[in-house]
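I opened this model to look up its core first, then its sheet and one of its helices. My notes follow in that order.

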Amino acid sequence: TPAGLAPMQVIVGDVHPLDFVLPEVEGFQRYAKAICWLDVATNRIWFSVVVLPKGQGVRNEHVIASFIEMATAWGLPHSLYLDNGSEYNWAAFIEDALQLRADRARVIIHAKPYSARSKPIEGIFGQLERHHFANLPGWIGGDRMKSKTANVGRAPTPFPGDHRLFVQAIDCAVELYHSLPQP
């Protein structure tokens, strides 16, 4: 819980699929992913949206680039609470740097395997999806195979813009989330 935590004391990292159909672009996937960092004390979230070439998944270099962006904007966290995916293998290399900042020895914490509920960021994803992303065009929700009511049984309509415009729309939705009072 955030009780007793200072800002940047615990940052949770996770990769989250964004349930939007994107326009068809030769060589790229139709669905984006977000590399996210949550400050547990403030519920502030950092989103790095990536649209990957076909056949690729999020790798170490994508997560490292996102971490550097977040740390440049927010500062270096005291500790990281990370998923168990292979895209977080780089974290062992930063542990010494984080120990210079931390008050305690353990600065890299890994979530329980296959337990989404063990990560506080999952609740924020749900909140963003229900209240912010669902209002954007191209959103299809969690079931990519199911046609939405708005499409009346037809295939989902893709987001009406390029990847740059999509990233801007996600950034605006996250800014709206940040502008609302946090519990």
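**Core.** I started with the largest nonpolar core, which has 29 residues. By nonpolar core I mean a set of buried Ala, Val, Leu, Ile, Met, Phe, Trp, Tyr and Cys residues joined through side-chain atoms within 4.5 Å. Buried means under 20% relative accessible area, with a 1.4 Å probe and protein chains only. The residues with the most contacts inside this core are L18, I45, F47, F133, F166 and I170. Strand 1, strand 2, strand 3, helix 3 and helix 4 each supply at least two of its residues. Helix 4 gives the most, with 6 residues.

I then looked up I170. It touches L18, F20, F47, V49, F133 and L136, leaving out residues up to four places away in sequence. Contact here means heavy atoms within 4.5 Å. I also found a second, separate core of 22 residues, which includes M8, I35, V63 and L80.

**Ground rules.** The model is predicted: local features need pLDDT of at least 70, side-chain atom pairs count only at pLDDT 80 or more, and totals for chains, interfaces and linings use all residues. Residues are numbered from 1 along each chain as its sequence is written, and side-chain values use heavy atoms, with hydrogens and water left out.

**Sheet.** I count 4 helices and 5 strands in the chain. These are DSSP runs numbered from the N terminus: helices are H or I with at least four residues, strands are E with at least two. Along the sequence the pattern reads β-β-β-α-β-α-β-α-α. The 5 strands form an open sheet in the order 3-2-1-4-5, with mixed pairing. Two strands pair if DSSP finds at least two bridges between them. Strand 3 and strand 5 (108–110) are the edge strands, each pairing on one side only. Strand 4 (residues 79–82) runs parallel to strand 5, joined by 3 bridges. In that pair, L80 stands opposite I108.

**Helix 3.** Helix 3 packs on the sheet and touches strand 1, strand 2 and strand 3. Its direction makes about 50 degrees with that of strand 1. Axes are lines fitted to C-alpha atoms, for helices over the stretch in contact, and angles run from 0 to 180 degrees between N-to-C directions. Which residues of helix 3 are buried? I noted I121, I124, F125, G126, L128 and E129. The buried residues of helix 3 also pack against helix 4 (163–179).

**Whole chain.** Buried residues make up 44% of the 183 residues.

Methods: Buried < 20%, exposed > 50% of the residue type's maximum accessible area, 1.4 Å probe, protein only.
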